[in-house]
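Please consider the sequence and the model shown here together.

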Amino acid sequence: NGMKRFMLSVALSCLYLANINAADIKAISGAFSKGNAAALSSLMDKEVDMALQGGTSKVRSGSDAVKDLESFFKSGNISGFQVIHHADKKDRGFIVGKINANGKEYRVNITYRTENDKAIIQSIRIE
């Protein structure tokens, strides 16, 4: 019985420690699900590397990146976003997801840095 309690406390400690540095990506996935680019404006880095629908990669200001996403979302009848893979390492991470727009499925790759448990977007590729 004592051993079970010890193992449980070790497991809970590991879970707690694993989550200390994890960035919260709910705001990002929620904004993509709803096609709400404005909700991402406070999560954009000063400069964001953007590539939309197979276009060339361009470094944009955070506010221009929001505008680019806004026009993609508006033209796209967004009907859902699903996170396929999420990795978080100390002060950075990435999200791989799928977004449905105009009946098509696009792959979304987002990289971010972590600042005060917030994921600050550094790059977005939608292809």
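The paragraphs that follow treat helix packing and salt bridges in turn.

The model is predicted: local features need pLDDT of at least 70, side-chain atom pairs count only at pLDDT 80 or more, and totals for chains, interfaces and linings use all residues. Residues are numbered from 1 along each chain as its sequence is written, and side-chain values use heavy atoms, with hydrogens and water left out.

Helix α2 spans residues 26–34, and its buried residues are Ile28, Ser29, Ala31 and Phe32. Here buried denotes under 20% relative accessible area, exposed over 50%, and partly exposed the range in between, with a 1.4 Å probe and protein chains only. Helices (H or I, at least four residues) and strands (E, at least two) are DSSP runs numbered from the N terminus. Viewed down the axis of α2, the buried residues fall within an arc of 160°, so they line one face of the helix; the arc is that of the directions from the helix axis to the C-beta atoms. An α-helix has 3.6 residues a turn, so residues three or four places apart point the same way.

The buried residues of α2 pack against α3 (62–76) and against the strands β3 (78–89), β4 (92–101), β5 (104–115) and β6 (118–126), contact being defined as heavy atoms within 4.5 Å. On the other side of α2, Lys26 and Lys34 are exposed. The helix is followed by Gly35, whose phi is positive, near 65°.

A salt bridge is a side-chain nitrogen of Lys or Arg within 4 Å of a carboxyl oxygen of Asp or Glu, and the structure holds eight of them. Asp24 is partly exposed, at 42% relative accessible area, and Lys26 is exposed, at 62%.

Another salt bridge joins Asp45 and Arg113, with 2.9 Å between the closest N and O atoms. This pair links distant parts of the chain, 68 residues apart: Asp45 lies in strand β1 (residues 44–52) and Arg113 in strand β5. Asp45 is buried, with a relative accessible area of 13%, whereas Arg113 is partly exposed at 22%.

Arg125 and Glu127 form a further salt bridge (3.8 Å, N to O). Arg125 is partly exposed at 33% relative accessibility, and Glu127 is partly exposed at 42%. Finally, salt bridges that share partners join Asp45, Arg113 and Glu115 into one network.
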